[in-house]
Amino acid sequence: MSESKAEQATLILGDSQYQLPIVEGSEHERAIDIRTLRDRTGYITLDPGYGNSGSCESAITFIDGEQGILRYRGIPIEQFAGSPTFTDVAWLLIFGELPTPAEYEEFSADLTRFANLDEGMKHQFEGFPRTAPPMAILSAMINALSCFHPELHELEDLTQFRHAAARLISKIRTIAAYAFRKSRGLPYIYPDPSLKYVPNFMHMMFSQPYKQYICPQLVREALNLILILHADHEQNCSTSTVRMVGSSGANLFASCAAGVCALWGPLHGGANVEVLTMLEQIHAGNMTPEEYVKLAKDKDSKVRLMGFGHRVYKNFDPRARMLASVAERLLPQLSGDDPLLEIARRLEEIALSDPYFIERKLYPNVDFYSGIILRAIGIPTNMFTVIFAIGRLPGWIAHWWEHDQTQRNKIARPRQIYVGETLRDYVPKERRG
Ligand code: CMC
């Protein structure tokens, strides 16, 4: 970040003028630095939803929502479509550079080494009802990791942090698979050290004690890409939550457990489930795509076209473009002609030529096609948001660490404009109404 002395913002409040510094990021994004505003003027700023507020400086992910650009540590998202593994990208996001071959091997070995859960932790799954939403289990069990690794509450150096990060990235996949097995009343399948990250997850999800699931290459590639495309998205709701919880000094596990809760909501990670529900409703003949879009435009209906719109992208979400092309390529091979893909194409076509969506700059987002692909590779709907969480975890960890390293002891604590009752007296019970 650089501060431009020549350019300052002038704020006029009554008879007084205040100069506020302009700061500029490495991609020339500009901000008015208001850090001294309240002390100098007595005023605060009001920005519900934080659409105009930068909460931090960050060197992890760059998004230009107007141009539809997304870069991880400077590298365009499109360049991750080919050979990189999720492990590669996780390292890049967390540590800032692509791993050297030696670093990659070591990190990959750690992910294998840490995959198993403490048996005590395994028993905790028994306490949940079969109907428990996997996102609830995921959050609870990530938090429970704090109980099993007290030595990782205070991360004193990079080595300790690296171990905590590897443990979490490895174990989230085991927890996720066990949550699924629990919901189906199936026995837990231990991780297989001979398998890499994605096939090992699929093994724990779908193997039987008497029959090993062999992950097809196509499935491996599709899931690997989905995880990569979800790996970070700068200050979204769940990442901001992780940073905020971490700002209180809470440990990495507790902070990421909070991130899972934030991600669960239907306006955030839960949207991939809603998209599939929407497509299935249309497929079941309850509505045509045209009727659904009409309903989504009707403000009284409370229905939205799920998988459309984004706070930052006012152009195509590049992740949606990549997933659309994966869906087109993979679905015929994985599941034949999926009628839901045809419905999704039709919805997109209608919405992109409708003035309501054009004027509001609403385009397909990452969730629009991810559900169809996940369904095709055999992931049940109630696990979609869990997959999003597994993908987003490296981003959460990277942001938690960045906050810790750059703003340690600076608790995130927004202010408010109070609009409630002014001063009044307490009335004892016997004198009330
Ligand atoms: N369908 C119909 N209308 C919409 C939609 C939609 N999907 N999204 C936004 N609008 C309308 C909204 O009603 C409003 O209209 P008006 O100006 O007439 O009041 C206008 O567009 C602006 O919407 P907003 O809610 O103020 O925009 P936002 O930036 O606060 O919300 C959003 C962004 C993603 C929450 C929203 O677009 C949405 O609810 N989309 C559907 C849910 C979804 O797909 N979420 C996944 C987001 S991407 C993955 C992630 O980050 O988790």
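Predicted model: local features only at pLDDT ≥ 70, side-chain atom pairs only at ≥ 80, totals over all residues.
H3 itself covers residues 101–113. From the first C-alpha to the last, its 13 residues reach 18 Å, close to the 18 Å expected at 1.5 Å a residue. Now the other side. Which residues of H3 are buried? They are Tyr104, Phe107, Ser108, Asp110 and Leu111. These lie on the same side of H3, because the arc they cover around the axis is only 155°. As a reminder, an α-helix has 3.6 residues a turn, so residues three or four places apart point the same way. What do the buried residues of H3 pack against? Their partners are helix H2 (86–95), helix H6 (158–184) and helix H7 (197–206).

Next, helix H10, residues 252–264. H10 also has 13 residues, which should span 18 Å at 1.5 Å a residue; the end C-alpha atoms are 19 Å apart, which agrees. H10 is mostly covered, with ten of its 13 residues buried. Among them are Leu252, Phe253, Cys256, Val260 and Leu263. The buried residues of H10 pack against H6, as well as helix H5 (134–148), helix H9 (237–247) and helix H17 (384–407). At the N-terminal end, Asn251 caps H10, with a side-chain oxygen 2.9 Å from the backbone nitrogen of Phe253.

Last, a pair of strands. S4 (residues 61–64) and S5 (residues 69–72) run antiparallel and are joined by four bridges. Thr61 stands opposite Tyr72 in S5. Four residues sit between the strands of this hairpin, and Gly68 takes a positive phi near 70°.

Notes: Residues numbered from 1 in each chain as written. Heavy atoms only, no water. Pairing = 2+ DSSP bridges. Helix = DSSP H or I, 4+ residues; strand = E, 2+ residues; numbered from the N terminus. Expected span 1.5 Å × (residues − 1). Buried < 20%, exposed > 50% of the residue type's maximum accessible area, 1.4 Å probe, protein only. Arc of directions from axis to C-beta. Contact = heavy atoms within 4.5 Å. Polar contact = N/O pair within 3.5 Å; in protein donor to acceptor, adjacent residues only side chain to side chain.
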